[in-house]
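Take a look at the protein below. We will walk through it step by step, from the whole fold down to single residues.

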Amino acid sequence: EDLAQPLLLVGTSTGLAPLYGVLRDALNQGHHGEIHLCHGALDLSGLYLVDELSQLAADNENFFYHPSVVKGDDVLAENIEVGPVDELAMTIAEDFKAFRIFLCGAPDLVASLKKKAFMQGANMKNIYADPFLPPAKKD
């Protein structure tokens, strides 16, 4: 809607898939506000599309890719941070009032990030959350 509005996209593991779609659509629509994509995984094997996203960041000056892992050596690669993705995401801005935020992944993480973003100024109507719930148990 607002091509200048900054976007924060945060996902864990396969939560990257819908965020990748949002990212591609925003770039195809000519979005010129900052776009930050934080993708977290337990370890390096849980990250995917790293090369593609790194190339998109290199090709688009308004897109910033922030991959992270919880477990790993201090320096896995030049652009991969070690630490929880929610902590990384909350360092993107001091105030998220102007941001539109998209959250995908584990329910606890999504709920926590939603609360943290709100506490850092995000308007609840600008936070879109898609927790990946486990399938219902069959009797």
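What follows starts with the overall layout and then visits a few residues in turn.

This is a predicted model. The protein has 4 helices and 6 strands. How do these elements run from the N terminus on? The order is β-α-β-α-β-β-α-β-α-β.

Next comes the overall form. The C-alpha atoms fill a box of roughly 45 × 35 × 30 Å along the principal axes. The radius of gyration of the protein is 15 Å. A compact globule with 139 residues would have a value near 14 Å, so the two agree. Of the 139 residues, 42% count as buried. Take the contacts in the protein with a separation of 6 or more: residues 24 or more positions apart account for 69% of them.

The accessible surface comes to about 7900 Å². Carbon and sulfur atoms hold 53% of that surface. The protein carries 10 positive and 20 negative charges.

Begin the residue tour at the segment before S1, where glutamine 5 lies. Is glutamine 5 buried or exposed? Its relative accessible area is 11%, and the limit for buried is under 20%, so glutamine 5 counts as buried. Its side chain makes a polar contact of 3.4 Å with the side chain of arginine 100. Glutamine 5 also touches residues from several other places in the sequence, including His31, Gly33, Glu34, Phe99 and Asn126. For a sense of scale, look across to phenylalanine 118. That residue is 113 residues away from glutamine 5 along the chain, and their C-alpha atoms are separated by 17 Å.

Move on to strand S2, which spans residues 35-41 and holds histidine 36. Histidine 36 has 8% relative accessibility, so it counts as buried. Which residues does histidine 36 contact, leaving aside its neighbours within four places in sequence? They are Leu7, Leu8, Leu9, Phe64, His66, Ile92 and Phe99. Leu7, Leu8 and Leu9 fall within strand S1, which covers 7-12. The side chain of histidine 36 also joins that of glutamate 34 through a polar contact of 2.9 Å. Valine 110 gives another sense of scale. It is 74 residues from histidine 36 along the chain, with 16 Å between their C-alpha atoms.

Histidine 66 lies in strand S3, residues 63-69. Histidine 66 counts as buried because its relative accessibility is 17%. The side chains of histidine 66 and histidine 36 make a polar contact of 2.9 Å. Histidine 66 reaches other residues of S2 as well: among those it touches are Leu37, Cys38 and His39. Leu88 and Ile92 are also in touch with histidine 66.

Finish in the loops. Serine 13 lies between strand S1 (7-12) and helix H1 (16-28). Its phi is near 50°, a positive value in a residue other than glycine.

Leucine 49 sits in the loop between S2 and helix H2 (50-59). Its phi is near 60°, again positive in a residue other than glycine. Leucine 49 has a relative accessible area of 25%, so it is partly exposed.

Note on methods:
Residues numbered from 1 in each chain as written. Predicted model: local features only at pLDDT ≥ 70, side-chain atom pairs only at ≥ 80, totals over all residues. Heavy atoms only, no water. Helix = DSSP H or I, 4+ residues; strand = E, 2+ residues; numbered from the N terminus. Rg over C-alpha atoms; globule rule 2.2 N^0.38 Å. Buried < 20%, exposed > 50% of the residue type's maximum accessible area, 1.4 Å probe, protein only. Contact = heavy atoms within 4.5 Å. Areas by Shrake-Rupley, 256 points an atom, 1.4 Å probe, with all protein chains shown as cover. Lys, Arg positive; Asp, Glu negative; His and termini not counted. Charge placed at Lys NZ, Arg CZ, Asp CG, Glu CD. Polar contact = N/O pair within 3.5 Å; in protein donor to acceptor, adjacent residues only side chain to side chain.
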